[in-house]
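This report describes selected features of one protein chain, from annotated spans down to single residues. The sequence and model are shown first.

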Amino acid sequence: MKILVATEKPFAAAAVNGIREICQAGGHETVLLEKYSSREQLLEAVADADALIVRSDKVTQEVVDAAKRLRIVVRAGAGYDNIALDACTARGIVVMNTPGQNSNAVAELALAMMVYMSRNCFTPGTGSELSGKRLGIQAYGNVGRLVARKAMAFGMEVMAFDPFVPADRMREEGVTPAENLEQMYSTCNFISLHIPATPETRGSIGYRLMSLMPAGACLVNTARKEVINEAELEKILADRPDLKYITDIAADCQAELNEKFGKRVFATPKKMGAETAEANINAGLAAARQIVEYFGTGCTRFQVNATE
Ligand code: 3PG
């Protein structure tokens, strides 16, 4: 089988080598399309691929239509909002992610972002410490749990809101379960977002929730830009000169935010939460193994769409 690795933002070389070895051992051929700059390149490369490994690369209806032989897509990472699931499902194409494989890298970045904002973006002047501050974690999944553990090591008090995780499990891990988002936003100095971009979450974080935040609070976004209502973010930052926003996924209006709010906002130049050798290797190799196993045994563990 031909396995295409299509990564506009390439994996570390060690991850690519590992993917090749796993695919080869399974009797498959690996084709690389890295740093591509046009849809046409992807459409051409996918035409004879039986399997596809991507990162945040957009697998649209057009890509699915061009991929006549495609049987499986693995998103090497957690969020699969970049994959046209319905288009894949309609063609019987299995879609998987590799949950947990890059979580530690994202969690470390979330903590680093909190330190960065607490220390005035590393400019001279008196900053503040994380120790003794309250952190609210929105979604207690693989990344959220790791952020909680690391924040506790910094001496932070941690609260989390996640309707899908039992409160007892949070308590066992030293985390206070929030009764609702309002309680968490109104009591925490930092809020760290770990929700996926879904129809329910898109645009769900905006003026109302942020206006509840205590003086000097900071919103940390290592999740998706789409969960933010950008117009409302701009308005609350204007109305509340004490609030801060740091993100790993620049807002569409980021240039405007930077100009208006200076060091109260920061966006990484390109999403870098999972940009560590370890995360690339973990997620890339897991993706390759999942594909080899699927072709070998039909195993559909980690499938996120329903093809029968
Ligand atoms: C994920 O969903 O796993 C992260 O957002 C990482 O995305 P990336 O592979 O594009 O860096």
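## Annotated spans

The UniProt record, in an unreviewed entry, assigns residues 20-305 to the feature "domain: D-isomer specific 2-hydroxyacid dehydrogenase catalytic". The structure shown here is a predicted model. Residues 20-305 are 39% helix and 16% strand, and the C-alpha atoms at the ends of this span are 26 Å apart.

UniProt also lists, again in an unreviewed entry, "domain: D-isomer specific 2-hydroxyacid dehydrogenase NAD-binding" at residues 126-253. For residues 126-253, the content is 31% helix and 19% strand. The end C-alpha atoms of that span are separated by 29 Å.

## Helix H10

Helix H10 covers residues 230-239. Its buried residues are Glu230, Leu233, Glu234, Ile236 and Leu237.

At the start of H10, the backbone nitrogen of Ala231 has a side-chain oxygen of Asn229 within 3.3 Å.

## Thr268, a buried loop residue

Thr268 is located in the loop that runs between E12 and helix H12 (277-297). Its relative accessible area is 6%, so Thr268 counts as buried, the cut-off being under 20%.

The side chain of Thr268 makes a polar contact of 2.6 Å with the side chain of Asp248. With neighbours within four places in sequence left aside, the residues in contact with Thr268 are Met113, Thr247, Asp248 and Ile249.

## Phe164, an exposed loop residue

Phe164 sits in the loop between strand E7 (157-161) and helix H7 (167-172). Phe164 has a relative accessible area of 77% and is therefore classed as exposed, for which the cut-off is over 50%.

Phe164 and Asp48 are 116 residues apart along the chain, and 40 Å separates their C-alpha atoms.

## The second largest pocket

The volume of the second largest pocket is about 710 Å³. Its lining consists of 26 residues. Those nearest the centre of the pocket are Ser56, Lys58, Glu226, Ile249 and Lys271. Ile249 is also one of the residues in contact with Thr268.

Note on methods. Residues numbered from 1 in each chain as written. Predicted model: local features only at pLDDT ≥ 70, side-chain atom pairs only at ≥ 80, totals over all residues. Heavy atoms only, no water. Buried < 20%, exposed > 50% of the residue type's maximum accessible area, 1.4 Å probe, protein only. Helix = DSSP H or I, 4+ residues; strand = E, 2+ residues; numbered from the N terminus. Polar contact = N/O pair within 3.5 Å; in protein donor to acceptor, adjacent residues only side chain to side chain. UniProt positions renumbered as here; feature names shortened; annotations may be inferred. 1 Å grid on protein atoms, 1.4 Å probe; cavity = no way out; pocket = protein on both sides within 12 Å on 5 of 7 lines; lining within 4 Å. Points joined across faces, edges and corners; volume = space filled by probe spheres on them. Contact = heavy atoms within 4.5 Å.
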